[in-house]
Amino acid sequence: MEANTSLWSSYLGVIVSRERQRMEHFQRAEDILLTLLESVHAREPRFLVDYARNLEAFEFALCASEDAVTLEMPLRIDDDALRVLPCQTRDSPGRQPSEPNSCYLRVCSPGTHLEDWTGVVDVMEHGGGVGCLLPGKILQHLKELLVSAIVHCQRLFLLQPGDISAENLREDAMELSLLIRGSWKTIRFDIVPVVRRQQEPLQRRWNDRGFPEGSLRKATEEAHFVPASPHCWRSSTHLPILKLLRGVDALRGPRLDSLRLLDQLRDQDWGGQSGKGSLTFNHLKMVLLWSTELFPSLEDWQDLEGSVYRLLVILLRCLATQHLPHFLNPEENLFQGAGPDLATIYHKVESFAWDPQRFLRFHFGLHAFSGSWQADAETRALLQLPHKDGSYWDTAYFDMLLSQFQVYWIQDSTRRSAVSQLLSKIRREIPQQS
């Protein structure tokens, strides 16, 4: 048992040891980016510089791969000047369907100094043209300002040759990508203009269950709208999710360490030949938030191995059904439209769950995964139970899965009884697996 604990801790120790250097790279790149954004703000005060970038740094330190850093740039716009309208298209030839949950931002008040960012949009419910804030115009304006700011900062020797590259700026993109050199490592920042508006905090079935009190209210008291198309906006949960993760960090137990470990495995063993696959760090963040709610007891988070398995059983369930609900919008399936490799990833994750010792080592070149492991037929059948109407998405179900993997050490008699009753019920209802 001690040797097993040491293996988990040693693997995590290597991951954590890299974070300090990664943060040094990030902070240097962030300093360069802030210099650039300050120059943009000086030319156009409607683009604001948000100096509270601790959430982006927090996420960058957690993620094992070199993913782009999403940086939302707030716009100085009065809340009362805008009204949110559903983004619907008429059924006419040549019309492109709007993105789900997208909207228009109608400019209601005259004299708001938004005329150059506004255009007439054909809104169905108004039966004609309406003046709306257009993401396409704002992105074009911001792109021009960024290019101008780069030239300006280079002339004043505020930027050194090679510090920044704008070669990834694309005309049709809904974000503006810059490559910035942090020491010897280049980091990609995706700059996204965002409209922030006060809103009623989200109400959930259990609200703050498992989280510090008030976490959900603080994370969702603002609505964030980012470009979805040249004419439409969409609601963004990027920063609210990071705020909830920061709340998880304040709780006892190795919760974020579990995320670090699984993300390293995702990057090292669960991707394709290039290390990339349909499973992303954003998916794992969502799994951690669900596990925090579904396993609210401190007893669930006593050690690293047990904590990792709390995330694993939820991840396996989502991969088996190819359905991962968004934590803040549960009706949204984050695996919708994912690549065909989800089934392959499922087998890799399942293999790790049954024999983690084979994976808890760093290696180079070929991936360590081998598909020779024969999984337990009953456990696989339990993982693949239908997920209609939110069934099999509660603590008892995932406790049952933990017991199948023999990592269920909970002493709570009520929870243990619920597991026994659920397992008996399921065994009566589903065919016996050979």
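Analyst: Let's start with a cut-off: buried means under 20% relative accessible area, exposed means over 50%, and partly exposed is what lies in between. Keep in mind that this is a predicted model.

User: Why is Cys 108 called partly exposed?

Analyst: Cys 108 has 40% relative accessibility.

User: What does the Cys 87 to Cys 232 pair tie together?

Analyst: Cys 87 is in the loop between strand 2 (82–86) and strand 3 (102–107), while Cys 232 is in the loop between strand 9 (222–227) and strand 10 (233–235), so the link joins parts 145 residues apart in sequence. Cys 87 is buried at 5%, and Cys 232 is buried at 7%.

User: What makes Arg 246 and Asp 249 a salt bridge?

Analyst: Their closest N and O atoms are 3.7 Å apart, and the limit is within 4 Å, so Arg 246 and Asp 249 qualify. They're three residues apart in helix 6 (residues 238–249), which is about one helical turn. As a general point, an α-helix has 3.6 residues a turn, so residues three or four places apart point the same way. Arg 246 is partly exposed at 33%, and Asp 249 is partly exposed at 38%.

User: How do you know that Arg 260 and Asp 257 make a salt bridge too?

Analyst: Here the closest N and O atoms are 2.8 Å apart, and the limit is within 4 Å, so the pair counts. Both residues lie in helix 7 (residues 255–268), three residues apart, or about one turn. Arg 260 is buried at 14%, whereas Asp 257 is partly exposed at 22%.

User: What makes Arg 415 and Asp 300 a pair that ties separate parts together?

Analyst: Their side chains meet in a salt bridge, 2.8 Å from N to O. Arg 415 is in helix 13 (residues 413–429) and Asp 300 is in the loop between helix 8 (281–294) and helix 9 (304–321), so the link spans parts 115 residues apart in sequence. Arg 415 is buried at 14%, and Asp 300 is buried at 2%. Arg 415 and Asp 300 also belong to a salt-bridge network with Arg 310 and Asp 399. The structure holds 20 salt bridges.

User: Why is Asp 50 called buried?

Analyst: Asp 50 has 17% relative accessibility, and the limit is under 20%, so Asp 50 counts as buried. Asp 50 is in the loop between helix 2 (19–43) and helix 3 (54–62). Beyond its neighbours within four places in sequence, Asp 50 is in contact with Leu 34, Pro 74 and Arg 196.

User: How do you know that the length of helix 4 agrees with what it should be?

Analyst: At 1.5 Å a residue, the 21 residues of helix 4 (residues 135–155) should span 30 Å, and the end C-alpha atoms are 30 Å apart, so the two agree. Its buried residues include Leu 142, Leu 146 and Cys 153. Just after helix 4, Phe 157 takes a positive phi of about 60°.

User: Which residues have the most contacts inside the largest nonpolar core?

Analyst: They are Leu 261, Leu 262, Trp 270, Leu 312, Ile 314, Phe 352 and Phe 398, in a core of 76 residues. Helix 9 gives the largest share of this core, with 11 residues.

How values were computed:
Residues numbered from 1 in each chain as written. Predicted model: local features only at pLDDT ≥ 70, side-chain atom pairs only at ≥ 80, totals over all residues. Heavy atoms only, no water. Helix = DSSP H or I, 4+ residues; strand = E, 2+ residues; numbered from the N terminus. Buried < 20%, exposed > 50% of the residue type's maximum accessible area, 1.4 Å probe, protein only. Contact = heavy atoms within 4.5 Å. Expected span 1.5 Å × (residues − 1). Core = buried A, V, L, I, M, F, W, Y, C linked by side-chain atoms within 4.5 Å.
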